[in-house]
Amino acid sequence: MRALAIAQPNIALIKYWGKRDTQKNLPAVGSQSITLDSLWTTMDVEFAAELAADTLQVNGSDSPAMLPRLSRCLDRVAGTDRAPARILSECNFPIAAGLASSASSFAALVVAADAALAQGNDTLTLARSAGAASGSAARSLYAGFVELRTGETDIDLEQLAAPADWPLEVIVAVTHAGAKPVSSGDAMIRSANTSPFYARWVDEQDADLNVGREAIEARDFARLAEVAEHNCLKMHSVMWTSRPSIVYWNHVTLVCMQTVRELRDKGHAVFFTIDAGPQVKAVCLPGDADAVARALADVDGVVEVMRTGLGDGARVVTAT
Ligand code: DP6
């Protein structure tokens with residue numbers, strides 16, 4: 001009745017922004033991502049009939065705010081007549097700051113719950129359960145390069161390439177470690193309701209996904225860089241033109257973006273992407289990672305630089 005699972009966050013290269021169905025949390029658009037390696041979240045889930053209700057500790061402290069979402073996710077995996085769960089989570093990077101902690105949390109949670117109950121669900125079923133809790137979490141069930149497609153009733157996922165097929169590196173420049181002002185879920189609903197650019201964003205997504213897929217298949221870094229930066233800036237344009245506007249960046253974010261473009265002009269294989277937060281993720285070829293990490297660490301206002309390769313999907317560590 002107890003299992004420990006680990007999952008890494010993923011970073012979208014072609015972004016998910018918008019919901020087709022808010023009840024089912026079905027994305028309005030497909031997305032493509034890379035699963036990371038050295039950032040992680042663990043979830044230790046124990047179902048125990050003697051508990052009065054679910055409990056949650058994150059990094060050793062009670063975390064009641066996150067608990068309702070996790071409880072609903074457990075209901076989806078284990079059924080609403082399940083025993084209460086004791087959830088112990090550890091995370092080695094800032095939470096709710098635009099570093100995809102919800103992706104690794106829900107991915108690890110569904111895998112741990114499934115193993116604790118010895119249900120033996122397949123990866124797609126678990127990815128759908130994680131995605132119903134947080135759309136991007138579905139992608140963290142898979143290793144390396146991942147595509148999520150959205151249909152009328154549910155999502156489908158596919159691994160496009162394994163980490164060893166194209167071992168890109170990611171340098172994360174943290175420009176502010178606090179929690180974000182608006183959750184991505186709330187922000188994307190606001191965008192759909194108010195941004196004049198939202199419909200165009202949805203219309204163009206399949207074309208960007210096609211280019212992303214071709215670039216990954218051909219290991220064409222320059223092509224991936226162009227479409228990923230374009231797609232990222234388009235998503236942020238939708239956010240900026242929402243009412244009230246959603247601006248996650250700070251001035252250091254912009255300096256980091258400029259630094260990445262200057263490195264590229266000097267011949268380094270690197271591009272940036274930014275999610276619902278002010279952190280800049282610089283994706284690069286392994287031979288360029290040292291120069292990119294040094295340049296971003298030198299930017300005034302960068303509080304931390306993290307470095308990671310590509311990693312595995314969510315998996316069980318121990319089950320008893
Ligand atoms: C900007 O997966 O956090 O990171 O489904 O509402 O939980 P919910 O949203 P979430 O949104 C992620 C948005 C993004 C882009 C991406 O990861 O594709």
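1. In the second largest pocket, strand 10 (145-150) and helix 5 (198-217) each contribute at least two lining residues. The model under review is a predicted one, and the remarks below should be read accordingly.

2. Helix 5 accounts for the largest share of the lining of this second largest pocket, with 6 residues. The lining comprises 13 residues in total, and those nearest the centre of the pocket are Val29, Gly30, Thr150, Asp206 and Leu209. Sorted by class, the lining of the second largest pocket consists of 4 nonpolar, 4 polar and 5 charged residues. The volume of the second largest pocket is about 150 Å³.

3. Several secondary-structure elements take part in the lining of the largest pocket. At least two residues each are supplied by strand 2 (10-14), helix 1 (67-78), helix 2 (101-116), helix 3 (123-133) and helix 4.

4. Where does the ligand sit? The ligand is placed in the largest pocket. The shell around the ligand holds 18 residues, with Tyr16, Lys19, Ser134, Gly135 and Ser136 the closest.

5. Which element gives the largest share of the shell around the ligand? That element is helix 4 (residues 184-194), which provides 3 residues. In terms of class, the shell around the ligand contains 6 nonpolar, 7 polar and 5 charged residues.

6. For Ser136, a polar side-chain atom is 2.6 Å from a ligand oxygen, and for Ser134 the corresponding distance is 2.7 Å. In the case of Ser184, an N or O atom of the side chain lies 2.9 Å from an oxygen atom of the ligand. The protein buries 92% of the 460 Å² that the ligand exposes when taken alone.

Definitions and conventions:
Residues are numbered from 1 along each chain as its sequence is written. This is a predicted model: local features need pLDDT of at least 70, side-chain atom pairs count only at pLDDT 80 or more; totals for chains, interfaces and linings use all residues. Side-chain values use heavy atoms; hydrogens and water are left out. A residue is near a molecule or strand if one of its heavy atoms lies within 4 Å of it. A polar contact is a pair of N or O atoms within 3.5 Å; within protein, one must be able to donate a hydrogen and the other to accept it, and residues adjacent in sequence count only if both atoms are side-chain atoms. Accessible areas come from the Shrake-Rupley method with a 1.4 Å probe; for residues, only the protein chains shown count as cover. On a 1 Å grid over the protein atoms alone, a cavity is a set of points where a 1.4 Å probe fits but cannot get out, and a pocket is an open set with protein on both sides within 12 Å along at least five of seven lines; lining residues have an atom within 4 Å of a point. A molecule sits in a cavity or pocket if more than half of its atoms lie within 2 Å of its grid points. Helices (H or I, at least four residues) and strands (E, at least two) are DSSP runs, numbered from the N terminus. Ala, Val, Leu, Ile, Met, Phe, Trp, Tyr, Cys and Pro count as nonpolar, Asp, Glu, Lys and Arg as charged, and the others, Gly among them, as polar. Grid points are joined across faces, edges and corners, and a volume is the space filled by probe spheres set on the points.
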